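I opened this notebook to record what I looked up in one structure. The entries follow the order of my reading.

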Amino acid sequence: MRPDIEAIAEQVFTALADPTRRAILATLAAEGPATATDLAARLPVTRQAIARHLVLLAEAGLVTAEPGERRRVRYRLRSAPMRVAQQFLAALARDWDGPLEALKDHLDRSARVLATTPPRETRGHHG
Amino acid sequence: MGFPDRIERTVELAHPPAAVWAALTTAEGLGAWFGDEAMIDLRPGGAAQLRCAGGYMVDMRVERVAEPRVFGFTWQLHELPEDDPRRTYVEFTLEPAGAGTRLTVVETGFAQLPEDACRKAYDGHTEGWSRELGELAGYLDAS
């Protein structure tokens, strides 16, 4: 495992821990690249505060700056780090305890059916 | 290590390995406990599919079949986009334990990252939709 995977995931989670940065990323995801001024018009935060957060997000590699109209810098969301963080969340979300309980129940049920029905009908469990 | 790559569980089942094997490797068995409906082509490289509650579908690929001891498959994490190439590997190991079975499930690969995704996660070039849309426009212009 590369040590940098964890660093990438950490940057994503740090970025997402702040409500303004979440709002910025959500806006860029929903509406595409935008300038700090565009974002300030959409969000209840000053342009200065947005600019500060954008610098941090760019340093973390979560947005990239690109030239926009009238020499204004536009910011674009980068999805690659998000996918790394998703992989981390996937491990946490993987539930084997539930299915293994279900397997146990299924085997118990099947064994009961086998024990109580004549051999020709042993296929019958429901669902 | 903060990034979990491997998940392992062991359960003791009061049923012989043959019964557990059938529950793990047949469409009827898988459909009864793992999903609502299943199909499986039980050979290495064979396809399997699980339909779960809500119509959600999982595609699997059978990787290891060593009846009645080891059954392995790969599948995609549904948290990832559909075109993501990553798969985790799930392996069930069945060991006789008295009249029953000790079943171990190990899933690995959560921390894997393909070479290109790693590079993309780091370098800062801004391609993507704008380039792809440009290519589409070019293609449409040419045709």
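**Entry 1**

Helices (H or I, at least four residues) and strands (E, at least two) are DSSP runs, numbered from the N terminus.

I record the conventions here. The model is predicted, with pLDDT of at least 70 needed for local features and 80 or more for side-chain atom pairs, while totals for chains, interfaces and linings use all residues. Residues are numbered from 1 along each chain as its sequence is written, and chains are lettered from A and ligands numbered from 1 in the order in which they are written.

**Entry 2: the outline of chain A**

I found 6 helices and 3 strands in chain A, and along the sequence they follow the pattern α-α-β-α-α-β-β-α-α. Of the 127 residues in chain A, 27% are buried; a residue is buried if 20 or more other C-beta atoms lie within 10 Å of its own, exposed if 12 or fewer, and partly exposed in between, again with C-beta atoms placed from the backbone. Among the contacts in chain A with a separation of 6 or more, 49% join residues 24 or more positions apart.

**Entry 3: the sheet of chain A**

I traced an open sheet of 3 strands in chain A, in the order β1-β3-β2 and with antiparallel pairing; two strands pair if DSSP finds at least two bridges between them. β1 (34–35) and β2 (63–67) of chain A stand at the edges with a single partner strand each, so one side of each has no neighbour in the sheet.

β2(A) pairs with β3 (residues 73–77) of chain A over 5 bridges. In this strand β3(A), L77(A) is the bridge partner of V63(A), and R74(A) stands opposite E66(A). β1(A) and β3(A) pair over 2 bridges, and T35(A) also has R74(A) as its bridge partner in β3(A). The hairpin of β2(A) and β3(A) has 5 residues between the strands, and R70(A) in the turn has a positive phi of about 50 degrees.

I then looked at a helix across these strands. Helix α4 (residues 47–59) of chain A lies across β2 and β3 of chain A and runs at about 110 degrees to β2(A); axes are lines fitted to C-alpha atoms, for helices over the stretch in contact, and angles run from 0 to 180 degrees between N-to-C directions.

**Entry 4: helix α2 of chain A**

Which residues of α2(A) are buried? I found R21(A), I24(A), L25(A) and L28(A). Seen down the axis of α2(A), these buried residues fall within an arc of 90 degrees, so they line one face of the helix; the arc is that of the directions from the helix axis to the C-beta atoms. On the other side, P19(A), R22(A), A30(A) and E31(A) are exposed. Just after α2(A), G32(A) takes a positive phi of about 90 degrees.

**Entry 5: the nonpolar cores**

I took a nonpolar core as a set of buried Ala, Val, Leu, Ile, Met, Phe, Trp, Tyr and Cys residues joined through C-beta atoms within 7 Å. The largest has 25 residues, and A9(A), V12(A), I24(A), L28(A), L54(A) and V63(A) have the most contacts inside it. The largest share of this core, 5 residues, comes from α1(A). Leaving aside neighbours within four places in sequence, V12(A) is in contact with L62(A), P81(A), M82(A), V84(A) and A85(A). A second, separate core has 13 residues, including L24(B), A32(B), F71(B) and L94(B).

**Entry 6: the sheet of chain B**

I ended with chain B, where 7 strands form an open antiparallel sheet in the order β1-β7-β6-β5-β4-β3-β2. Its edge strands, β1 (6–13) and β2 (37–40) of chain B, each pair on one side only. Neighbouring strands of this sheet are turned by 20 degrees against each other on average, direction ignored. α6(A) packs on this sheet, touching β1 and β7 of chain B, and its direction makes about 20 degrees with that of β1(B).

Key
Contact = placed C-beta atoms within 7 Å.
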